[in-house]
Amino acid sequence: MRRLLSALAVTSFLVTGLPALTWAQSLPGFTLFSGVKAENQLPFRLDFGGQANGWDRYILRIPAKRMKLAVGQFAINYPDYYKGTFDQNKIEVRVKGKAVPLSEVKWDKEGKLINIFPQEPVPAGSPVEVVLSNVKNPSFGGVYYFNCQVLSPGDVPLLRYMGTWILSIN
């Protein structure tokens, strides 16, 4: 009898806990065979669950420890097989939870690149969130690698790799 009650308790916990767990993707878990080293994987959150052909908000995070220099430009590229759309008027950068004024956001659809230019350089050592709102997810699910590169003010004009967000659309 005790075993039956234990099994019933565990089963009911799993059944009621699963919908809450699948509500939204948050912070990539343990990824096997991604081709991206663990130290280069960046955390993210998909606010509306990453459903194929649905609307979503991507919160792409860069931890403070990765922000070794100030940043004057963020460049996010994504694979050519990603067929979603972005609303460049609904892209923002948050530093320590506060929105940073942007001078320009350019979405190069053919080049699969989003360039974000803050009005003032984002300070080194600050946690950053790049928020992409009003995103239309691709019609078909898949795994998509979004790479982040940055340009520091006064630096050699070459983009430096910051890391990769590995997004999964269901």
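**Strands, then rings**

A: β7 and strand β8 (residues 113-118) pair in the antiparallel sense over six bridges; here strands are DSSP runs of E with at least two residues, helices are H or I runs of at least four, and both are numbered from the N terminus. Two strands count as paired if DSSP finds at least two bridges between them. This is a predicted model, so local features need pLDDT of at least 70 and side-chain atom pairs pLDDT 80 or more, while totals for chains, interfaces and linings use all residues. Residues are numbered from 1 along each chain as its sequence is written, and side-chain values use heavy atoms, with hydrogens and water left out.

Q: Which residue stands opposite Asp108 in β8?

A: That's Leu113. The hairpin of β7 and β8 has four residues between the strands, and Lys112 takes a positive phi near 55 degrees there.

Q: What order do the strands take in the open sheet?

A: The order is β7-β8-β4-β10-β11, five strands with antiparallel pairing. From one strand to the next, the twist averages 15 degrees, with axes taken as lines fitted to C-alpha atoms (for helices over the stretch in contact) and angles running from 0 to 180 degrees between N-to-C directions.

Q: Over how many bridges do β10 and β11 pair?

A: Nine, with β10 covering residues 142-151. Gln149 stands opposite Tyr161 in β11, and Tyr145 is opposite Ile166 in that strand. On the β4 side, β4 and β10 pair over five bridges, in the antiparallel sense. Gln73 has Leu151 in β10 as its bridge partner.

Q: And how many helices and strands are in the chain?

A: One helix and eleven strands.

Q: Switching to side chains: which residues touch the most other members of the largest nonpolar core?

A: Tyr58, Phe74, Phe86, Ile114, Phe146 and Trp165, out of 34 residues. A nonpolar core here is a set of buried Ala, Val, Leu, Ile, Met, Phe, Trp, Tyr and Cys residues joined through side-chain atoms within 4.5 Å. Buried means under 20% relative accessible area, exposed over 50%, partly exposed in between (1.4 Å probe, protein chains only).

Q: What does Ile114 touch?

A: Leaving out residues up to four places away in sequence, its contacts (heavy atoms within 4.5 Å) include Phe74, Ile76, Phe86, Val105, Trp107 and Leu132.

Q: How many aromatic pairs does a search of the whole structure find?

A: Ten. Rings of Phe, Tyr and Trp (its six-membered ring) pair if their centres lie within 6.5 Å; planes under 30 degrees apart are stacked, over 60 edge-to-face, the rest tilted. Tyr78 and Tyr82 make an edge-to-face pair, 5.4 Å centre to centre with 70 degrees between the planes. Tyr82 also pairs edge-to-face with Tyr144, at 5.1 Å and 85 degrees.

Q: Why does the Tyr82 and Tyr144 pair tie together parts that are 62 residues apart in sequence?

A: Because Tyr82 lies in the loop between β4 (73-77) and β5 (91-95), whereas Tyr144 is in strand β10.

Q: Are those two buried or exposed?

A: Tyr82 and Tyr144 are both buried. For Tyr82 the relative accessible area is 1%, and Tyr78 is buried as well, at 7%.
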